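Please look over the sequence and the structure shown here. A short briefing comes after them, grouped by topic.

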Amino acid sequence: MTFKFSAHYADPLFSLGHFQTSSPVPNTQVEQAFRDIDSTLSPPFSADAIRNAVTALREHAPVSGYQGDRVSDAMRAVLLKKVMLGLYAKALDLFLDEASTAQEDSEWWSEVEQSNLSAALYLLQSFPHRILKVLQVLKIDRRIPQTSTLHLPRIRSIFLSKNPWQPSVFMTTLFPHLGAGSPTSIRSHLSGAFRTDTRRSTLTYLEFLRDTLCRYMSGFTLIVTYPLRLVREECNIKRRGNERIRNERAEVLGKLLGVRPKLARWLDAPNVEEDVLADREFLLEFANAVDPTVSNRPLENGMPSLLEGLYNAIFVAQVERHSSYLNNNDLRRPSRLTLLWPRLLFLPPLTLYSLKLLYASRASLMDMAQDALGTLRNFLEDWLLQPLYGVYRTIRAGGDEAMIVRPESIAADLESLERMSLALAREKLGYDQQQLAALSQQIRLGDFTPLLKIFEEDIKSPFKSAFVGTLLRTLFIQVQKAKVDIDQALAGIDKLLKSQELTFAFVGVAPAFAVVYAIGGSLNRLLFGRRAKYGGKRRRQSVWLAVRRIERLLFFQPKSLINHDDEDRPSDVIPPLTSGLLVLSLTHLRKYALTSLPARSQLREGFLEDVRDLEDPSLGRWEKLRVLDRMWRNWANELGWHQMAGESAS
């Protein structure tokens, strides 16, 4: 998987051009050399292969008026086309990489500029480098011969300035942007803070004292925060410098994108060297976009001369010029060592101090570790393993055991109630065997009507029945009946509990499972990272910002600082600067789709189709705005763009 822009924009031209020859067997040594080089010229094009091809074309350039072999001319034409395509692809990647790096650096400087804490941290990180530059200035100054051995006047001139409102050499060395005539807001603030109030005669003494105290406190605060203000101004200047580089490279990139249709027609031409004058417009436009000095070369000198100039401009001159400009203006982000030196400086002593504290409290730490192990063991045994074993026993036993009351106890109580009732009916009512059998069936069904009638007669004369009657026996029978009813109710509850016994078992072990799941998930995220959906909220937010930036570019097209012909373009035509800036954001969208969206999914394929539509140079401004509307309709809910827009608004 490649993220190079040329792999998606320029390499498809390789399959459209005519890069095949008719003779598979080389006839001359020149043809063999051409074929050896031709075998190495394929996407992705390497700088060595392009250099070797340019050298071979220059060394074996045809002499004027010489009628060469048809096969050799065909091989030469194929090499010219491949070299031109390779130079075009490398130019796209080069200017896109430079513009992307400038965009990332400008965003980094912008983040530092917006926060006082970040500015203070950057001042601390870059402080050794600033002090080193001051020492270099002092060292150079001491090399100048002076009449005094102490050189105090010269040193005083470095640290002090004749004009108190102008920065000294010391300040311009610490903050180089002061020497470029950059305005500093501290001057006007200081002059306003310590200016005498003209309303003194009209103010009372307390008001005058309060006003003076406030002005002096404001001036003191301004002096204390003066370095932070200078650092933020420095970050602002570097941010604008990187944005200027980004716009320049993006404009060149936009010009190269506009050359692609002409390049496709040029690759489809039968003989490129014979049609040089006919394709003069394409060649000059391509050379002028890469390096205007190359386009000044006369095309009558042949294609190898032009290709050599383009090669040097892309692989040598542009790289050196870009690196030199960044170094001279100090626009790059600080190195990793510069950003990490405070941590590297303070981390070892803090580590040693922490180890010392841990060693001094090793006894208490051992006790804590033992308590933690005991707690973990009890948790696993009492709250996880034993409930799981109970679930296993419940599943295996099938719920045969009673939970509240056993069936044998209910049957014994019911048989006792039946015997008591039948004995009373035999003695009191004189029932025979047939009547007793019928009464037994009624008792099992819960019908005690004959016995209740006896009880009703007994309570008419309770004292007499209690001593000489059957009142006590009927009462005991009713007590036994109540006990049987309670046993049967408990049996129903027992049956209900047994039907939900497995549910209760899982409910008992569920808290332990929840604790294990939470702790295990936290450890997994800590050790292996969190696998967020679609790359996580931060990446989805960057994609939302990129889509918003694309829409803003299409509505408010930025003005070019180099070419002023954009105002004469039709409203639907996208100028080179806007086209290049669009490619920067589209490259970010393509990288996100290839790395964060699910592979071989309709979401990823549809998202990439929309990105390709936005990259298509044949679509105008309004067509691309409609493509953006389609992206908002299709992907906004899935990728959470609406929620991000609401969060940013709040």
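Predicted model: local features only at pLDDT ≥ 70, side-chain atom pairs only at ≥ 80, totals over all residues.

Residues are numbered from 1 along each chain as its sequence is written, and side-chain values use heavy atoms, with hydrogens and water left out. The chain has 27 helices and zero strands.

**Whole chain**

- Helices (H or I, at least four residues) and strands (E, at least two) are DSSP runs, numbered from the N terminus.
- Of the 650 residues, 36% count as buried. Buried means under 20% relative accessible area, exposed means over 50%, and partly exposed is in between (1.4 Å probe, protein chains only).
- The accessible surface of the chain is about 39900 Å², and 58% of it belongs to carbon and sulfur atoms. Such areas come from the Shrake-Rupley method with a 1.4 Å probe; for residues, only the protein chains shown count as cover.
- Among contacts with a separation of 6 or more, 71% are between residues 24 or more positions apart. Contact means heavy atoms within 4.5 Å.

**Nonpolar cores**

- A nonpolar core is a set of buried Ala, Val, Leu, Ile, Met, Phe, Trp, Tyr and Cys residues joined through side-chain atoms within 4.5 Å.
- The largest nonpolar core has 83 residues, and Met 84, Leu 256, Phe 286, Leu 589, Phe 607 and Trp 641 have the most contacts inside it. Helix H5 (residues 70–114) supplies the largest share of this core, 14 residues.
- Another core, of 14 residues, lies apart from the largest one and includes Val 112, Leu 123, Leu 138 and Cys 235.
- Leaving aside neighbours within four places in sequence, Leu 589 is in contact with Val 543, Ala 546, Val 547, Ile 550, Phe 607, Val 611 and Met 631.

**Salt bridges**

- Side chains of opposite charge can pair when their charged atoms come close.
- A salt bridge is a side-chain nitrogen of Lys or Arg within 4 Å of a carboxyl oxygen of Asp or Glu. By this rule the count is 16.
- Glu 98 and Arg 249 form a salt bridge, at 2.8 Å from N to O. Glu 98 is in helix H5 and Arg 249 in helix H11, so this pair ties together parts that are 151 residues apart in sequence. Both residues are buried.
- Glu 285 and Lys 262 form a salt bridge in which the closest N and O atoms are 2.6 Å apart. Glu 285 lies in helix H12 (residues 280–290) and Lys 262 in helix H11, so the pair ties together parts 23 residues apart in sequence. Glu 285 counts as partly exposed because its relative accessibility is 29%.
- Arg 630 and Asp 610 also meet in a salt bridge, at 2.7 Å from N to O. Arg 630 is in helix H26 (residues 621–639) and Asp 610 in helix H25, 20 residues apart. Arg 630 is partly exposed at 27% relative accessibility, whereas Asp 610 is buried at 4%.
- Arg 130, Glu 234, Lys 238 and Asp 330 are linked in a network of salt bridges.

**A buried charge without a salt bridge**

- Arg 246 is found in helix H11 (residues 226–267).
- Arg 246 is buried yet has no salt bridge, and the nearest side chain of opposite charge, Glu 243, is 5.0 Å away. Lys and Arg count as positive and Asp and Glu as negative; His and the chain ends are not counted.
- Leaving aside neighbours within four places in sequence, Arg 246 is in contact with Ala 99, Ala 102, Gln 103, Leu 581 and Leu 584.

**Two loop residues with positive phi**

- Asp 330 is in the loop between helix H14 (303–329) and helix H15 (336–360). Its phi is near 55 degrees, a positive value in a residue other than glycine. Asp 330 is partly exposed, at 37% relative accessibility.
- Arg 600 is in the loop between helix H24 (576–596) and helix H25 (602–615). Phi of Arg 600 is near 55 degrees, a positive value in a residue other than glycine. Arg 600 is exposed, with a relative accessible area of 79%.

**Nonpolar surface patch**

- Leu 373, Leu 376, Leu 380, Leu 385, Leu 388 and Phe 513 make a nonpolar surface patch of about 530 Å². Patches are made of residues with over 30% relative accessible area and no salt bridge; like charges are joined within 9 Å, and nonpolar side chains (Val, Leu, Ile, Met, Phe, Trp, Tyr) within 5 Å.
- Helix H16 (residues 362–397) gives the most to this patch, with five residues. Leu 385 is in helix H16.
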